[in-house]
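Please read them with the structure open.

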Amino acid sequence: MTSLPRFRPVTVLALALATMLFTSTAQAQVVLKPKLRPDTKRAYQAESNTKQILTLLGMDIETKVTQFVTMEQVIGPRAADGTLRLTDTNKKLQQEFLLPGGVKVSFDSDNPNKKAPVAQLEPILELLRVIAKAKVTLVFDKSDKVVKVEGINDVLKDLDPDLRKSLSSQFSNKVILARWNDRIKRIPVKAVRVGEKWEHTTVMNLEAGQKISVKRQYTYAGTTKRGQDTVHRITTKSLAATLTQDPPEGSPTTITASKLKIAKGTGEILIDLEQGVVLSESDSTRMTGTLTIVVNGMSLDGTLDLTIANKLQLQK
């Protein structure tokens with residue numbers, strides 16, 4: 001007589017444990033990447049503070065820049081080919097420069113025609129008057145990668161040709177395209193667990209072909225409460241920085257060598273997965289080190305102490 005299969009408690013227990021472990025692992029993983037939502041409109045506020053002390057020939061040359069921007073982002077419907085168009089419009093811009101010698105230059109888009117205290121600094125305000133009215137459209141493909149930038153040439157067309165040329169390293173279709181895709185790549189597409197770490201290098205394009213690259217470590221820190229909502233938190237730590245320059249033709253200054261290190265650098269990103277958006281992000285990084293600058297053919301060795309702090313906040 002053929003016997004029936006015997007009940008094996010150990011086997012059932014092993015299966016139960018395996019199921020529990022699988023379920024626990026699946027629940028512990030989460031896809032943090034924000035999603036573009038068609039037919040939505042959101043407003044953001046951004047603040048930045050930069051403090052730089054450049055020491056040359058034993059003299060400290062200090063500059064400070066603060067900026068406040070309110071911007072509106074409107075995402076249209078998804079087209080038949082899967083593309084989305086996001087229009088980014090500046091609604092308010094305030095900026096203040098504290099330059100060597102105590103010279104202060106300020107701009108407020110509510111009073112855009114205010115003149116600079118020194119005529120030689122008027123091109124700075126000319127640029128800000130244009131940026132204050134900037135409206136740029138980004139085209140995303142069906143995988144939500146930015147593939148095209150529209151409108152930047154219209155933003156810059158009224159600037160002095162020499163000024164427009166000097167800004168090509170900061171404001172061009174190529175640079176804006178790279179900047180947006182760089183922001184997208186900071187947060188991985190794959191699911192991550194609490195405590196999981198990854199690294200990403202962000203490139204900041206500055207004036208006269210200068211670039212600062214900051215390598216950061218990102219850590220998924222789990223969920224936290226923001227009012228009544230549960231949001232996901234990523235912490236960041238700055239690991240390394242480099243400063244390079246590809247100067248435009250005719251530039252009076254060129255950085256030929258630099259060696260920077262991170263003195264301190266931390267940040268945070270909060271994500272609302274239900275809305276599919278970054279609610280807020282902040283970062284403050286201080287870099288120090290040595291550099292060599294050629295000024296009108298004269299090579300000078302110096303030191304640099306640079307702090308850049310940024311905040312971004314969703315308003316609605």
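**Notes on the predicted model**

1. Across the whole structure, a search finds two aromatic pairs, where rings of Phe, Tyr and Trp (its six-membered ring) pair if their centres lie within 6.5 Å, with planes under 30 degrees apart counting as stacked, over 60 as edge-to-face and the rest as tilted. F140 and W180 form an edge-to-face pair, 6.3 Å centre to centre with 85° between the planes. Since F140 lies in strand β6 (residues 135-140) and W180 in helix α5 (residues 173-185), the pair ties together parts that are 40 residues apart in sequence. Both F140 and W180 are buried, a term that means under 20% relative accessible area, with exposed meaning over 50% and partly exposed in between (1.4 Å probe, protein chains only).

2. The rings of W198 and Y218 have centres 6.0 Å apart and planes at 10°, so this pair is stacked. It links distant parts of the chain, with W198 in strand β9 (residues 197-205) and Y218 in strand β10, 20 residues apart. W198 and Y218 are both buried.

3. This is a predicted model, in which local features need pLDDT of at least 70 and side-chain atom pairs count only at pLDDT 80 or more, while totals for chains, interfaces and linings use all residues. Residues are numbered from 1 along each chain as its sequence is written, and side-chain values use heavy atoms, with hydrogens and water left out.

4. The protein has five helices and 14 strands, which are DSSP runs numbered from the N terminus (helices H or I, at least four residues; strands E, at least two). Buried residues make up 39% of its 316 residues. Among contacts (heavy atoms within 4.5 Å) between residues at least 6 apart in sequence, 58% join residues at least 24 apart.

5. Leaving aside neighbours within four places in sequence, L128 is in contact with L93, Q95, F97 and F107.

6. Helix α5 has 13 residues and reaches 18 Å from its first C-alpha to its last, close to the 18 Å expected at 1.5 Å a residue, the expected span being 1.5 Å times one less than the number of residues. In α5, V175, I176, W180, N181 and D182 are buried, and what covers the buried residues of this helix includes β3 (59-75), β4 (84-99), β6, β7 (146-150), α3 (152-156) and β9.

7. Which residues lie nearest the centre of the second largest pocket? They are K174, V175, A178, N205 and K211, out of ten lining residues, and α5 gives the most to this lining, with five residues. A pocket here is an open set of points on a 1 Å grid over the protein atoms alone, where a 1.4 Å probe fits, with protein on both sides within 12 Å along at least five of seven lines; lining residues have an atom within 4 Å of a point.

8. N296, in the loop between β13 (277-295) and β14 (298-314), is exposed, with a relative accessible area of 66%.
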